[in-house]
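Hi everyone, thanks for making time. I'd like to walk you through one structure today, so please have a look at it with me.

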Amino acid sequence: MSTPVPRSRRRSRIPAPGAAAPRQPVDRAKIGRSSVRRRATGMTATEAAADLEDAQLQQHLDRDREDLADDERGPAEVGEWERIAQLLATTGGTYDPKADAVVQDELAAEAEREREKQLEDDKRRQEEEAEAARRAALAPDVLRHALLRTLARTSLLDSLSEDEQAAVNRLPDSDPAAALAVYALLARAHEAGASERREPRRDGRPSIGGNSQ
């Protein structure tokens, strides 16, 4: 019979063979280190050294298990126990992740990565919304209505010939970008004319549009 594994004072790592694969890649090493830090919280150097021995023994017993051959969690746990045991042997006292410079540096780096990811997500969402708005603005019915409305404001609508009216109706379907450009030009021309009519000449008389009768 093989010698039974000594029971750890803390909950041991239990592999879960056959578990469903996660949709997103899982950092098993990170999970292992986080687990060790939680279990080590409040431990003295002596207690951490004892759990390090347990982890090393477990890693030794698992060395021939094919299902754990590529699992990074076990080695990561051993490495983290070694680091924490050495830290406590140097500093004394009990382990506190909040006072662990390595842990705090990792948390700061993760927060920065999350912030950058959030900024990228916000930028992508804004680009998608802008593209959706652009596509909506290029919808033929929207463009046709905008063109007709602007022509009416410029008093040109009633003077259009049948061919010109047909061209205005066809343009949003045949070339939405051109229709949008024509609409923008008409709107700018109308606004410029209206602004010029509002500004009096230096002699006090209207510059354009004023009747000289």
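Let me start with a question: does L87 count as buried, partly exposed or exposed? At 28% relative accessibility, L87 counts as partly exposed. For reference, buried means under 20% relative accessible area, exposed means over 50%, and partly exposed is in between, using a 1.4 Å probe and protein chains only.

Before going on, a word on where this comes from. This is a predicted model, in which local features need pLDDT of at least 70 and side-chain atom pairs count only at pLDDT 80 or more, while totals for chains, interfaces and linings use all residues. Residues are numbered from 1 along each chain as its sequence is written, and side-chain values use heavy atoms, with hydrogens and water left out.

Back to L87, which lies in helix α3. Leaving aside residues up to four places away in sequence, L87 touches G92, Y95 and D100, where contact means heavy atoms within 4.5 Å. L87 and A45 are 42 residues apart in sequence, yet their C-alpha atoms are 8.1 Å apart in space.

Now the whole chain. The protein chain has seven helices and zero strands; these are DSSP runs, H or I of at least four residues for helices and E of at least two for strands, numbered from the N terminus. Of its 213 residues, 22% count as buried. If you take contacts between residues at least 6 apart in sequence, 73% of them join residues at least 24 apart.

On to the cores. A nonpolar core here is a set of buried Ala, Val, Leu, Ile, Met, Phe, Trp, Tyr and Cys residues joined through side-chain atoms within 4.5 Å. The largest one has 13 residues, and A40, A48, W81, I84 and Y95 touch the most other members. Helices α1 (28-40), α2 (45-61) and α3 (73-91) each supply at least two residues of this core, and the largest share, five residues, comes from α3.

How do the helices pack? Two packed helices are described by the angle between their axes and the distance between the axes. The axes are lines fitted to C-alpha atoms, for helices over the stretch in contact, and the angles run from 0 to 180 degrees between N-to-C directions.

Take α1 and α3 to begin with: their axes are 8 Å apart, at an angle of about 40°. That makes α1 oblique to α3; the scheme calls angles under 35 degrees roughly parallel, over 145 roughly antiparallel, 65 to 115 roughly perpendicular and the rest oblique. By class, this contact of α1 with α3 has seven nonpolar, two polar and eight charged residues. Here Ala, Val, Leu, Ile, Met, Phe, Trp, Tyr, Cys and Pro count as nonpolar, Asp, Glu, Lys and Arg as charged, and the others, Gly among them, as polar.

Next, α2 and α3 pack at about 160°, with axes 9 Å apart. That makes α2 roughly antiparallel to α3. Residues of α2 in this contact include A48, L52 and A55, and those of α3 include V78, W81 and L88. By class, the contact of α2 with α3 has 12 nonpolar, three polar and two charged residues.

Finally, helix α5 (residues 140-153) and helix α6 (residues 162-174) have axes that come within 7 Å and cross at roughly 145°. Among the residues that meet there are L147 and L151 in α5, with V168 and P172 in α6. The contact of α5 with α6 divides into seven nonpolar, two polar and two charged residues.
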